[in-house]
Amino acid sequence: MSKLQQPTMTGNENATVLQFAPFQSAVDEGFWHRLSSLKLNKFGIDESPIPITGFYAPCSHSQVSNHLTLLAESLPPEPSEQSLVTMSSRGNRNKCSIPGILYNTNTLEGFHALDKQSLLKAEAEKVWEDIHSGKAEEDSAVLSRFLLISFADLKKWSFHYWFAFPALVLDPPATLVYLRPASQWLSLEEAESLSAACNEWRSSSATTDVPFFLVSIAPNSHATIKHLKDWESCQHDGHKFLFGFYDPCHLPNNPGWPLRNLLALICSRWTLEKVYFFCYRENRGFAGLSLSLIGEALISVSQGWKDHQHMPNAVGWEFNRGKKVPRCISLAKSMDPTRLAISAADLNLKLMRWRALPSLNLNILSAAKCLLLGAGTLGCQVARMLMAWGVRKITLVDSGKVAMSNPLRQSLYTLDNCLNGGDFKATASVKSLQRIFPAVEAEGVVMAIPMPGHPVPTQQEESVLEDCRRLQDLIDSHDVVFLLTDTRESRWLPTLLSANFNKITITAALGFDSFLVMRHGAGPISIGNDVKADGVNNLSVEMGNFSLMDGDRVQRLGCYFCNDVVAPIDSTANRTLDQQCTVTRPGLAPIASALAVELLVGILHHPHGIHAKAEFANSTDGGSAEQPLGILPHQVRGSLSQFSQMTLVGHSSNSCTACSCTVVSEYRERGMGFVLQAINHPTYLEDLTGLTELMKSANSFQLDWDNEIDDDDDCVEI
């Protein structure tokens, strides 16, 4: 026995088994949100145990127990957050840190199949080891280790979980001699001194979150609080001696769960048979000795407790409504719908990174600003495909209104958009995108694209030039341009501007049962794209940079117009209704739109980006096989009538009316004057690029036929 002089007391001589109030858990929503984020972005399918931290404080209300709480910060911090978390979690009187371990499974079946008894035993062994190694005396929080198993259903936003608070079982169990309010056990002077000592302990940042401690009360009623490791120095003759702990329980007749492992420590380290314990509770943030309890317990355990190898039994799985079963919480209804939509939208993409596509860069996709010229059949499909890939910044340009024939083929419109003359497609499509996904940053621009072959009356020139400038600004402020208009000539000015600003440009064009999807090559100027079209002062210097070659001396890929031998002209004049409308097989647009977006994703993930050369399947060049998304072709042409598809390549032409050095340099020198002349005089582009001379040469070319026929020959085989 110790040399301590314990007070003589009159209590209940009929000792009963000491019973403990179980720990109760509480999980903040922020914990589940952060676990979901870590699961998707970091952990993936890894089921390794995760160290976590729980928080609790002494009971502070006579009717309500405190819970062990998990917060967002309970999970491991990112490296950049480490120092901040360490500072915020230490020295907080309301957040006593307790170490825990989390096992999060990939499936609900895996959650139910966990060997719960083995997991509990493994955590109890850690407590046992901490007791025998002396760690528990240095860091007493390890006596309250806990365990959490969980399964996060990220599609339904429901979480299955179960807590365990491992407690070593005394055999035979401890018996309770008495338990009463501390204010009744202590003299008035002792109570005042102990209250002051407790308040000082709780006010110090060094000790406020230390949950186990020693109380020594001198014969002069002066109370002192010390750490468990100071056990030897606390043994003074004539002193009252108590083992204290932060008690989360409010019950007047039961101590809280943390006392269990404290008694195990006392049995193993100090071989006491009679223990006086102090259940510290508070009232309005200060020591509440009328709520706190002091009790006497008798302990008699076998000699095996001294043996490190003798592991006692353990209990501790939390009860759920009186049963040993896990809990389930659903956050779907409590979450903000927009936040739910964002999480659900990104779910498929983040799951790709678990196994199929670890290198998928969601940041570059979400940051890409995409300009869609045309909000018709192709524009609607492309916009939705972009959102599915995680693109969040979309601008749609169109001057048309929704007609009765549109909603069946153009997926962003309904009958309501057709009424009263029809809504503008640009604005209606944006509202539809926002209904589908509230977090999309969509903008609609009602504007017609000026086109060659569509002469402009003098009184409308300023309005058309304003549209040209507006289109120029739109292309300059976006990263990607999709050409999705109905006519060939409407693609000319955007192609020129995209080549000038060196923007990623993708064209999708439809026939009745065929389609073309292609990416335009880089612009003909190899320096940065910070040069505006208006007022170029150093054009002569820059002309040296114009080339058909890209930075690697490989010929540039062509644009939509590079194979033309005529300038774009008015393709709608003198056409019947079926020729004016986009008459295509209904399945064609979704196919072409999907390929156009897939082409963009490939460009964004390719190390050479817009300068990537054309790649083919089964190519002898092994570089394409190394790309996780596969090959990156230049053109994809398909036919529904043949159910066929092929990849082609076309290089840039020095006679191209849209992206050639000649045209881009002329645009840079003359600006909008050049554009207006190209619009009003279609043959101007042919003259400028040399196509006129080329056609003259072709027309003047004559074959020199040999008209002499051998008499012996009846026919000639050509």
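Contact here means heavy atoms within 4.5 Å. By that rule, and leaving aside neighbours within four places in sequence, leucine 18 is in contact with Ala174, Thr175, Leu176, Pro255, Leu259, Leu263, Phe277 and Ala297. This is a predicted model: local features need pLDDT of at least 70, side-chain atom pairs count only at pLDDT 80 or more, and totals for chains, interfaces and linings use all residues. Residues are numbered from 1 along each chain as its sequence is written, and side-chain values use heavy atoms, with hydrogens and water left out.

**Nonpolar cores**

- A nonpolar core is a set of buried Ala, Val, Leu, Ile, Met, Phe, Trp, Tyr and Cys residues joined through side-chain atoms within 4.5 Å. Buried means under 20% relative accessible area, exposed over 50%, and partly exposed in between (1.4 Å probe, protein chains only).
- The largest nonpolar core holds 96 residues; Leu18, Phe31, Phe163, Phe243, Leu262, Leu263 and Phe278 touch the most other members.
- Helix H8 (residues 259-270) gives the most to this core, with eight residues. Helices (H or I, at least four residues) and strands (E, at least two) are DSSP runs, numbered from the N terminus.
- Domain 1 (16-78 + 91-166) and domain 2 (175-312) each supply at least three residues to this core. The domain bounds come from an automatic or database domain assignment.
- A second, separate core has 54 residues, including Cys370, Val440, Ala596 and Val636.

**Helix packing**

- Two packed helices are described by the angle between their axes and the distance between the axes. Axes are lines fitted to C-alpha atoms, for helices over the stretch in contact, and angles run from 0 to 180 degrees between N-to-C directions.
- The axes of H1 (residues 29-43) and H9 (residues 337-352) come within 10 Å and cross at roughly 25°. H1 is therefore roughly parallel to H9. Angles under 35 degrees count as roughly parallel, over 145 as roughly antiparallel, 65 to 115 as roughly perpendicular and the rest as oblique.
- The H1 and H9 crossing is left-handed. A crossing is left-handed if the near helix is turned anticlockwise from the far one by less than a right angle, and right-handed if clockwise.
- From H1, His33, Leu40 and Asn41 meet Arg339, Leu347, Lys350 and Leu351 of H9.
- H13 (residues 461-477) and H14 (residues 492-501) pack at about 45°, with their axes 10 Å apart. This pair is therefore oblique, and the crossing is right-handed.
- H13 makes the contact through Cys468, Leu471, Gln472, Ile475 and Asp476, and H14 through Leu493, Pro494, Leu497, Ser498 and Phe501.

**Backbone exceptions**

- Most residues other than glycine have a negative phi, and most peptide bonds are trans.
- Aspartate 171 and proline 172 are joined by a cis peptide bond, with omega about 0°. Proline 172 lies in the loop between strands S7 (158-168) and S8 (175-181).
- Serine 221 has a positive phi of about 75°. Serine 221 sits in the loop between strands S9 (212-217) and S10 (223-226), and is buried at 16% relative accessible area.
- Phenylalanine 643 also has a positive phi, about 50°. Phenylalanine 643 is in the loop between strands S24 (635-639) and S25 (644-648), and is exposed at 71% relative accessible area.

- Glutamine 117 lies in helix H4 (residues 116-133). Glutamine 117 is partly exposed, at 48% relative accessibility.
- The C-alpha atoms of glutamine 117 and glycine 316 are separated by 9.9 Å, although the two are 199 residues apart along the chain.
- Not counting residues up to four places away in sequence, glutamine 117 touches Ala314 and Trp317.
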